[in-house]
Amino acid sequence: MKKIFILFITLFLFKAGLPAYSLNLDLKFNNNKEIRTLLKKYDRALKKHDVDTIKSFFDEDYVSADGFSLDDYTTMLKKTYEAYENLKYSTKINNITAYENWALAQMSDKTKAKVYFDKKVKKDAIVGILDGKSSYVVYLKKTPKGWKIVSDDVLLEETSLKYGIANKIDMNLITPVFAENGKEYDISLKMDMPDDIIALASLSREEVVYPPVDSEEKYRKFPESGELERLVRANDKNLNEYAVASVGFTRVSISEAQLKARIEVLGMAYIMKRINTKTPFVVSVNNIKKGSDDKN
């Protein structure tokens with residue numbers, strides 16, 4: 001689904017996985033065109049920021065692989081649209097698999113937006129560039145009201161928000177795609193820094209929960225080696241996580257006449273990457289299917 005969560009805290013949500021019940025079956029593809037049409041209509045509603053229409057594509061018992069309800073999702077969606085008024089999506093449907101009354105669509109998308117410190121004063125000098133991409137799976141069920149989204153699951157997700165000179169500096173946040181509950185993993189940030197610029201950077205991890213909880217940031221001067229590393233421990237609560245890099249760029253100049261140092265803020269950057277630690281989503285899908293079948 002759209003990466004509302006990651007956009008909500010820089011911050012949104014999109015998903016991918018393989019449900020167990022789709023294996024070892026004679027798949028029927030007659031529903032693919034119908035599902036593709038529905039997903040394109042859903043995408044158009046997202047691009048129009050039409051929250052009421054977006055909500056109509058979901059089953060009332062929708063729950064994401066991260067545990068977000070439909071109310072959570074629409075609340076984050078509204079706040080995201082308020083924060084990023086010119087948010088634009090580019091979505092691709094990579095594959096659709098359907099069997100009887102169930103289907104999954106493997107999708108990917110890109111997200112872009114301009115963000116201003118002051119919405120009333122839109123100057124290029126203080127504009128932030130939001131850039132995101134993700135790969136995810138949408139799970140659907142055919143109901144008396146038509147196909148409805150019952151869940152979604154993110155596999156890969158990365159979002160950056162850069163201001164000023166940060167848009168001209170190559171940065172690479174390196175993380176694992178998966179981590180074990182309660183186990184340590186390494187986060188590192190690589191940058192090619194100009195000689196006359198000082199960077200202060202922080203590396204941290206955040207659990208994927210709603211409402212989001214801020215992580216503790218400890219800033220360090222970025223090493224001359226061009227790489228900052230930190231070893232962190234994944235949560236033991238079966239929650240997925242984001243690795244987060246926060247960077248500020250400054251230049252210090254000395255006035256010999258006044259014997260004073262002048263610190264100039266040149267830019268800042270926030271980079272987030274998803275790390276999946278949760279038990280595979282196949283368990284949740286089987287529970288959803290069982291619960292839905294019990295209602296019929």
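## Aromatic pairs

In this predicted model, the count of aromatic pairs comes to six. One of them joins Tyr42 and Phe57: the ring centres are 5.5 Å apart and the ring planes stand at 70°, so this pair is edge-to-face. The cut-off behind that label is a plane angle over 60 degrees. The two residues are 15 residues apart and belong to distant parts of the chain. Tyr42 sits in helix 2, while Phe57 sits in the loop between helix 3 (51-55) and helix 4 (70-83).

Are Tyr42 and Phe57 buried or exposed? Tyr42 has a relative accessible area of 4%, so Tyr42 is buried. Phe57 has a relative accessible area of 11% and is therefore buried too. The limit used for "buried" is a relative accessible area under 20%. Both residues also belong to a cluster linked by ring pairs, made of Tyr42, Phe57, Phe58, Tyr62 and Tyr73.

On the surface, Arg36 gathers with Lys40, Lys41, Arg44 and Lys48 in a patch of positive charge. Arg36 has a relative accessible area of 32%, so Arg36 counts as partly exposed. To be part of a patch, a residue needs over 30% relative accessible area.

## Leu161 in strand 4

Leu161 is part of strand 4, which covers residues 146-164. Its relative accessibility is 6%, so Leu161 counts as buried. Along the chain, Leu161 and Lys114 are 47 residues apart, and their C-alpha atoms are separated by 9.1 Å.

## The chain as a whole

How many helices and strands does the protein chain have? There are five helices and eleven strands. The chain contains 296 residues, and 47% of them are buried. Tyr42, Phe57 and Leu161 are examples of buried residues.

The accessible surface of the protein chain comes to about 15600 Å². Carbon and sulfur atoms account for 49% of this surface.

Definitions and conventions:
Residues numbered from 1 in each chain as written. Predicted model: local features only at pLDDT ≥ 70, side-chain atom pairs only at ≥ 80, totals over all residues. Heavy atoms only, no water. Patch = residues over 30% accessible without salt bridge, like charges linked within 9 Å, V, L, I, M, F, W, Y side chains within 5 Å. Areas by Shrake-Rupley, 256 points an atom, 1.4 Å probe, with all protein chains shown as cover. Salt bridge = Lys/Arg side-chain N within 4 Å of Asp/Glu carboxyl O. Lys, Arg positive; Asp, Glu negative; His and termini not counted. Charge placed at Lys NZ, Arg CZ, Asp CG, Glu CD. Buried < 20%, exposed > 50% of the residue type's maximum accessible area, 1.4 Å probe, protein only. Phe/Tyr/Trp six-rings, centres within 6.5 Å; stacked < 30°, edge-to-face > 60°. Helix = DSSP H or I, 4+ residues; strand = E, 2+ residues; numbered from the N terminus.
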